[in-house]
Amino acid sequence: MRSFICFIVVFFVSCMSMSVAQQVKISDKIQPISQENIFRDPDCFNWCSSIIQGEDGKYHLIYSRWKRSYAFNAWLTHSTIAHAVADTPAGPYKYVNTLMDFEKDNYGPDDMITAHNPKIKYFEGKYYLYFCSTHMDRVISNEELKETAKGGPKHKNWRTLRENQRTFVASSTSLDKPFKVDKRPLLEPEGSIETLVVNPAICYNQNKYFLIVKGDKPGSTKFERNQAVAVSEHPDRGFKIQPKPVIQDWDTEDVSMWYDKVGKRFYAVFHAHTYIGMMTSQDGLNWEKAEDFEIMKKRISRTENLDPILPDRMERPFVFLEDNVPVVLSLAVMKGDDAYIVFVRLKK
């Protein structure tokens, strides 16, 4: 009897260990970066990276950028979505072309202003580009938008532009062809988020598309943000925000998500001011802290005995997978008056 009880205990502990082992771990796989892992532009700030491998076998980086001369806050007024290519997912990347640029002399109330927060995905034989845009409620000139960017959050136009942000989707049959923009927002704020719908992250599993977005926390008198999840049977329409928020007790943003086919779990990384975190879910609806919750502090080690990068801001994490295994963590970095993307290799 005692032997049987011991067997049951050992079996139970082994099952628990297997369950924990199935969770993805990234913190122990972080490697130092070299110069070729930094994607900097002398004329533009680079931000918001998303990587996909194309049919050509190369790695395609879809990212946001805007002119340095417009100031960093021009992400809300003048961001564009660009396309770069590399032979490896960690770079070095080379700019190819701009996919979305809405800049013009004057904007009407129905015109899109800025293209930001891109995520590139391949679903059902098409490339889908999810992004954020905004608009003004009146005619506004490009010159006034430039003044708004330089004034930042204190400018009179900032609040309207911020609150009018929504998530959109564009599609194309090829990364080398133009993307057709659907000018209808994918979602309006409701339920667990209010005011705006930004920072899209999406993945597919069990014949459903799970879309995580960010908005303001309903009823809060402080500047607090919530993450919500919406579900649809289609990649470009029909999303419904679920009543339970993804995150409401941690101040986070910039989610990037994927589904681990081996461990049968959803994962999502995010930034939380001083670190990059990771959460997990078995059903895509109920989320919790991952076993490997804090995967990286705001410090980037470098090779060749160079001093580490200590960013002022480190945001927009994105995990690129090959054969279901995370191999690169890309990050947007702001240091002083510079902003660029880094690609951190992950040990297999």
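## A cavity, a pocket and the strands around them

The largest cavity is lined by T77, H78, S79, T80, D101, F102, E103, Y107 and T114. This is a predicted model, and the cavity in question has a volume of about 40 Å³. How many cavities of 30 Å³ or more does the structure hold? The structure holds 1 such cavity. Spaces of this kind can be searched for in a simple way, since rolling a probe the size of a water molecule over the atoms shows where empty space is left.

The largest pocket has a volume of about 770 Å³. Its lining is made up of 25 residues, and those that lie nearest its centre are K121, Y122, W258, K261 and L321. Two or more residues of this lining come from each of the elements β2 (44–53), β7, β12 (194–205), β16 and β20 (313–322).

### Paired strands

Strand β2, which contributes to the pocket lining, pairs with β3 in the antiparallel sense over 8 bridges. Within this pair, S50 has I62 in β3 as its bridge partner. The two strands form a hairpin with 5 residues between them, where G57 takes a positive phi near 85°. On to the next pairing: β3 also pairs with strand β4 (residues 80–86), again in the antiparallel sense, over 7 bridges, and here the bridge partner of I62 is H83 in β4. Is strand β3 (residues 59–67) mostly buried or exposed? Because 8 of its 9 residues are buried, β3 is largely enclosed by the rest of the structure.

Another hairpin is built from β18 and β19, with 5 residues between the strands, and G284 in its turn has a positive phi of about 80°. Strand β18 covers residues 275–281 and strand β19 covers residues 287–297, and their antiparallel pairing runs over 6 bridges. In this pair, I276 stands opposite M296 in β19.

| Strand pair | Bridges | Residues paired |
|---|---|---|
| β2 and β3 | 8 bridges | S50 and I62 |
| β3 and β4 | 7 bridges | I62 and H83 |
| β10 and β11 | 3 bridges | S171 and K180 |

### Two open sheets

Four strands form an open sheet in the order β7-β8-β10-β11, and the pairing in it is antiparallel. The edge strands of this sheet are β7 (113–123) and β11 (180–182), each of which pairs on one side only. From one strand to the next, the twist averages 30°. Strand β10, which spans residues 166–172, is the partner of β11.

A further open sheet of 4 strands has the order β12-β13-β14-β15, also with antiparallel pairing. Since β12 and β15 stand at the edges with a single partner strand each, one side of each is left without a neighbour in the sheet.

### Two loop residues

F223 lies in the loop between β13 (208–216) and β14 (225–232), while P245 lies in the loop between β15 (240–241) and β16 (253–260). Which of the two terms, buried or exposed, applies to F223? F223 is exposed, because its relative accessible area is 56%, and exposed means over 50%. P245, by contrast, counts as buried, because its relative accessibility is 17%, and the limit for that term is under 20%.

Apart from neighbours within four places in sequence, F223 is in contact with R162 and D216, and P245 with S192, N226 and Q227. The C-alpha atoms of P245 and N226 are 6.9 Å apart, although the two residues are 19 places apart in sequence.

### Helix α2 and its two sides

In helix α2 (residues 142–151), the residues N142, E144, L145, T148 and A149 are buried. These residues lie on the same side of α2 because they cover an arc of only 155° around the axis. The face turned away from this buried side carries the exposed residues E147 and K150. Among the elements that cover the buried residues are β6 (106–107), β7, β9 (140–141) and α3 (158–163). Just after the helix, G152 takes a positive phi of about 65°.

How values were computed:
Residues are numbered from 1 along each chain as its sequence is written. This is a predicted model: local features need pLDDT of at least 70, side-chain atom pairs count only at pLDDT 80 or more; totals for chains, interfaces and linings use all residues. Side-chain values use heavy atoms; hydrogens and water are left out. Two strands pair if DSSP finds at least two bridges between them. Axes are lines fitted to C-alpha atoms, for helices over the stretch in contact, and angles run from 0 to 180 degrees between N-to-C directions. Buried means under 20% relative accessible area, exposed over 50%, partly exposed in between (1.4 Å probe, protein chains only). The arc is that of the directions from the helix axis to the C-beta atoms. Contact means heavy atoms within 4.5 Å. On a 1 Å grid over the protein atoms alone, a cavity is a set of points where a 1.4 Å probe fits but cannot get out, and a pocket is an open set with protein on both sides within 12 Å along at least five of seven lines; lining residues have an atom within 4 Å of a point. Grid points are joined across faces, edges and corners, and a volume is the space filled by probe spheres set on the points.
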